[in-house]
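Hello,

The structure we discussed is below, with notes on what was found in it after that. Please read them alongside the model.

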Amino acid sequence: MAGAPNLVIVESPSKAKTIGKYLGSDYQVKACMGHLRDLQKSKLSVDIENDFEPVYQPLKDKGDIIRDLRTASGKAERVYLATDPDREGEAISWHLKELLELQDEKTERITFNEITNKAVNAAIQAPRGINYDLVDAQQARRILDRIVGYQLSPLLWKKIRRGLSAGRVQSVATRLVVDRENEIRAFNPQEYWSVDVRLDRVSKPGSFLAHYHGEDKKRELHSLEEVEALLADMQGKPFTVQSVKRGEKKKQPAPPFITSTLQQEASRKLNMTPKRTMAIAQQLYEGIDIRGEGTVGLITYMRTDSLRLSDEALAAARDFITSRYGAQYYNGKPRVFKTSSAAQDAHEAIRPSNVHLDPDSIQASLSRDQYKLYKLIWSRFVACQMAPAVYETTAIDAVCNGHIFRANHQALKFSGCIAVYEEGRDDEQEEKLPPLPDLQEGEALNPREFEKEQHFTQPPARYTEATLVRAMEEKGVGRPSTYASIVSTIQDRDYVEKKDKRLHPTKLGEVVTDLMKERFQDIIDVEFTANMEQQLDQVEEGKLPWKNVLRGFYSGFEKELKAAESALDGIRIKVPDEETDEVCEICGRKMVIKSGRFGKFLACPGYPECKNTRPISERMPGRCPKCGATILKLKSKKGYAFYACERGQECGFMSWDVPTANDCPTCGQSLFKKSGRGQMKPFCINPDCPDFLPEDQRGYRKKPAAAAAEAEAASEQAAEEPKAKKTAAKKAAAKKPAAKKTAAKKTTKTAKESK
């Protein structure tokens, strides 16, 4: 291949390997590893005075790749730019063409929605030129984000805290989380009551539970007085069956995945973050080495907002369903789903490239996460072309003195599409009720007992990562290619934190959002941001010059920036401290959480009188196997998480395994499990126990000796630090003021950094 006349350039080595398998010896495939040039990191790199002209430069760490591609492209007769089929991919191809100084007559742009033999060779046979409308849309977004980030972030540094950064779309996503938190705080719960009755048949055995519905119309009970009045009105009165309605209900399958729904469902069912979901999907798209098949691209392109499916894919699904499950499980004709009017519809929905490669048949070639995500995509695609599930439904109304009590039940009659896949839900699942007796209208019933229960309306639920992605999609904030990065960025910047799978705004996130609401109403406005996305879509469609978008945005942004700098002159905005239950061992105050260069830590709020600080440690379930004390989760400077006894060196216990709340049934000591994603089987680490599992059988790669030593040192430091600080404080108090000032420098460095 060294002398191949044609060069194909893709982004990644795995994609290069897959494509290289489908092309003959006339093609050499190389990876550029993403962008090779970009705006400079140290500067704005946008000449605003010169009509927003961007200043690009080659990336320093890509020098070897650039030289290699220049050499290969110089020898090639034709160069095919085969980057991803979206704005970002188009921009990468354009940068490659400019950076490598490729001539128009020898340069071709090719795209494919799936990396299969047929799709790749079809693309080679139908090349095109670079789509500069797509390039301009990407440039406009990149420059908009650069202007906001590089001109607004310094203001946040000066007025709130050093190191903060602002993002155009990320600010809106943070606002959604903050606004939801404010809704929850302002929520006023309303009282309501439910009344159920257990009814027995008179002439035959059988009973069922019915729920109060109302009279002629549905009625809500808002107080105990209303409930008591209802029960009094029925006292001693007979119950009869007013109506029995039987029927069928069909449950249609969910449509195939688009980017947003894939991220939502992977979060619900697989507990994957959007960022992790897209990383695994990228691997499946670019190609996996399958035993007996070689490298195969398993799914179509995963950044899409279209529900469209190709005729070829629909025919393959029909053949697979009828042969695997039977003709009765096929829908009878291809099911077509309507794509949203706001969608770009540039690519198909996400589906398996070859439906006959079912997940279980290739599981041995996939990692655990790859298998789970591929099975999710494969199952949803197959199910979307299957017949609907059919349920038999029964609804019974029992009446007493004009008051209606209702009971419902449904039973599966034909599984249809849910035999393969059933869509997850964000809310609680429906209660599964027992079957109802075979009642007849007019039949008499005896009330056995009434159950009354008080309830209160609940505030709106906090966002999960899945529901935040859905909210952004519904409001037009961001695009399929940006959802995952937005959700991860607002957490990385400490504006939002995840607790029990729900997103909570941090104090910092609320302060920054409040400032943005007050001073930068356009940037933080949901509708304004959605309108910007629509303008970028118009640029992509060739309907709007990209610099017009920049000019229109910057005129308002510049005014807001100058007004904010003037209004906030000399003002420093304080971020409220988050109080904890940890008590300062020196002065007795409750410690607060602060942030420094190395992350969050505990500090005494009595600074500068009390300068005590302490690392944050998380208490874990279970007990130390050596001494029975509490186990702490700690993290070394290099980011390794480990678990150690709270007594530190005095005990000496430290482990990479995660303690659990379960005890070993044989020896009674706390069980541990392997760290990592998903469900892990617990095991015993007590060497004297018959159920002991040796360390080399727990499935870990061997930790480097340096990491183990560092963890041990960090464990000792965490345990000894409170003692050392108490001793240091006593010594400092006994010395002269000048000596006290010198001694305090070492112990308060972290506390000063947070001020």
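**Cavities and barrel**

β3 (37–39) and α5 (132–159) each supply at least two residues of the lining of the second largest cavity. Helices (H or I, at least four residues) and strands (E, at least two) are DSSP runs, numbered from the N terminus. This is a predicted model, in which local features need pLDDT of at least 70 and side-chain atom pairs count only at pLDDT 80 or more, while totals for chains, interfaces and linings use all residues. Residues are numbered from 1 along each chain as its sequence is written, and side-chain values use heavy atoms, with hydrogens and water left out.

A cavity here is a set of points on a 1 Å grid over the protein atoms alone where a 1.4 Å probe fits but cannot get out, and its lining residues have an atom within 4 Å of a point. The structure holds 2 cavities of 30 Å³ or more.

The largest cavity has about 70 Å³ of space. Among its lining residues are Ser165, Gln170, Arg493, Tyr495 and Met516. α6 (168–186) and α14 (507–519) each supply at least two residues of that lining.

Elsewhere, a closed barrel of 6 strands runs β9-β10-β15-β14-β11-β16, with antiparallel pairing; two strands pair if DSSP finds at least two bridges between them. Within it, 11 bridges join β11 (residues 239–251) to β14 (residues 389–400). Arg246 has Thr394 in β14 as its bridge partner.

Regards

Technical notes. 1 Å grid on protein atoms, 1.4 Å probe; cavity = no way out; pocket = protein on both sides within 12 Å on 5 of 7 lines; lining within 4 Å. Points joined across faces, edges and corners; volume = space filled by probe spheres on them.
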